[in-house]
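Subject: Structure handover

Hi,

Here is the structure I promised to pass on. Please open it first, then read my notes below.

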Amino acid sequence: MLGAWLSDRFFGRYRTILWLSYGYVAGHAVLAAMDVAPGARATLLFLGMSLIVLGQSGIKPNLSAFVGDQFSQGEAGLLDRVYSLFYVAINIGSATSQIATPWLLAGCAFGT
């Protein structure tokens with residue numbers, strides 16, 4: 001809701017996606033830094049997850065509408081194809097991560 005409100009009232013879709021994506025990236029960087037400071041893991045976990053949530057609030061409500069904004073009235077026939085490919089790409093990425101994450105955690109070994 002925050003990202004949609006910021007987009008509609010103040011910044012527009014593009015700027016909201018751009019600036020809140022920085023928070024998303026920073027949140028992942030903070031999570032990655034948890035191993036550097038083991039004494040502050042709980043604090044870094046909370047901070048990193050909060051930044052990810054803040055960043056995601058700008059991406060989720062705006063990205064699919066932003067994709068649609070790229071097309072004019074004359075290209076309306078392409079919207080079905082573009083949205084299909086957009087969501088296929090998202091779902092392929094999600095499915096790949098479900099397969100790749102356990103494989104990476106196991107040490108990238110084939111056949112073990």
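**The buried side of H1**

Gly3, Leu6 and Ser7 are the buried residues of helix H1. Buried means under 20% relative accessible area, exposed means over 50%, and partly exposed lies in between (1.4 Å probe, protein chains only). Contact means heavy atoms within 4.5 Å. The face of H1 turned away from its buried side carries the exposed residues Asp8 and Arg9. Glycine 12 follows H1 and has a positive phi, near 90 degrees.

**Before you go further**

This is a predicted model: local features need pLDDT of at least 70, side-chain atom pairs count only at pLDDT 80 or more, and totals for chains, interfaces and linings use all residues. Residues are numbered from 1 along each chain as its sequence is written, and side-chain values use heavy atoms, with hydrogens and water left out. Helices (H or I, at least four residues) are DSSP runs, numbered from the N terminus.

**H1 on H3**

H1 (residues 2-11) and H3 pack at an angle of about 65 degrees, with their axes 7 Å apart. H1 is therefore roughly perpendicular to H3. Angles of 65 to 115 degrees count as roughly perpendicular, under 35 as roughly parallel, over 145 as roughly antiparallel and the rest as oblique. Axes are lines fitted to C-alpha atoms, for helices over the stretch in contact, and angles run from 0 to 180 degrees between N-to-C directions. Leu2, Gly3, Ala4 and Ser7 in H1 meet Leu54, Ser57, Gly58, Pro61 and Asn62 in H3.

Serine 57 is found in H3. It counts as buried, at 15% relative accessibility. Leaving out residues up to four places away in sequence, serine 57 touches Leu2, Gly3, Ala4 and Leu20.

**H2 on H3**

H2 (residues 13-32) and H3 (residues 41-69) pack at about 150 degrees, with their axes 7 Å apart. The two are therefore roughly antiparallel to each other.

**A loop residue**

Glutamine 73 lies in the loop between H3 and helix H4 (79-105). Its relative accessible area is 77%, so glutamine 73 is exposed. Glutamine 73 and tyrosine 83 are ten residues apart in sequence and 16 Å apart in space, C-alpha to C-alpha.

Best wishes
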